[in-house]
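Here is a friendly walk through one protein model, starting with a group of ring side chains and widening out from there. Please keep the viewer open as you read.

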Amino acid sequence: GSLNALLGGNVYTNNNSAIEGRMLLAGGFVGVGGDVWTLMGELDIADKYLADDAGTGGLTSLAVFVEGTFRVAKGIHIIERFEFFDPDLDLESGRFWRASLGAELYPIPYLEIKPTFRYTGQPKGSADLGEVLLQTHWWF
């Protein structure tokens, strides 16, 4: 049809002797799309994944990813992305986010060119970062 959707989740747990207690990785994702657009997102939680070397970790981390795509014309797609990561939900510091705006261009078969502007909001005390990327992907 003209509207598609996806929904899913993931869970991983492990009793790691290097940390106190069980490590847990869990998340979910959702996506919707039409004839010329898609919107996808994922949210993941990690408990005791970023434990320190002393094994005293109990950190709960959060990661979020959202991507939207719009087909302007055949072979030209506009891509928007937002990423967020908090390594420890109990602390106010350490969080960062990144927003991207770019294009996926397919000028000839089997060649993809991806110009992208990406801005990263760094944790407090670090300067934010703006980047221009140009990636190519050739396959056969």
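Phe 82 counts as partly exposed because its relative accessibility is 35%, where partly exposed lies between buried (under 20% relative accessible area) and exposed (over 50%), with a 1.4 Å probe and protein chains only. This is a predicted model, in which local features need pLDDT of at least 70 and side-chain atom pairs count only at pLDDT 80 or more, while totals for chains, interfaces and linings use all residues. Residues are numbered from 1 along each chain as its sequence is written, and side-chain values use heavy atoms, with hydrogens and water left out.

A search of the whole structure gives four aromatic pairs; rings of Phe, Tyr and Trp (its six-membered ring) pair if their centres lie within 6.5 Å, and planes under 30 degrees apart are stacked, over 60 edge-to-face and the rest tilted. Two of these pairs are set out here.

| Pair | Centre to centre | Between planes | Class |
|---|---|---|---|
| Phe 82 and Trp 97 | 6.3 Å | 25° | stacked |
| Trp 97 and Tyr 119 | 5.6 Å | 45° | tilted |

Both link distant parts of the chain: Phe 82 in strand E5 and Trp 97 in strand E6 (residues 96-105) are 15 residues apart, and Trp 97 in E6 and Tyr 119 in strand E7 (residues 111-121) are 22 residues apart. Phe 82, Trp 97 and Tyr 119 form one aromatic cluster. Trp 97 is partly exposed, at 33%, and so is Tyr 119, at 30% relative accessibility.

What surrounds these rings? The protein has zero helices and eight strands, taken from DSSP runs numbered from the N terminus (helices H or I, at least four residues; strands E, at least two). Strands E4 (residues 60-73) and E3 (residues 37-47) run antiparallel, joined by eleven bridges; strands pair if DSSP finds at least two bridges between them. In that pairing, Thr 38 stands opposite Thr 69. Eleven bridges also pair E4 with E5 (residues 76-86) in the antiparallel sense, and Gly 68 has Glu 80 in E5 as its bridge partner. Two residues lie between the strands of the E4 and E5 hairpin, where Gly 75 takes a positive phi near 85°.

In strand E1 (residues 4-15) you will find Asn 10, which is partly exposed because its relative accessibility is 30%. Leaving aside residues up to four places away in sequence, Asn 10 touches Leu 25, Ala 26, Gly 27, Glu 42 and Asp 44, a contact being heavy atoms within 4.5 Å.

Overall, buried residues make up 21% of the 140 residues.
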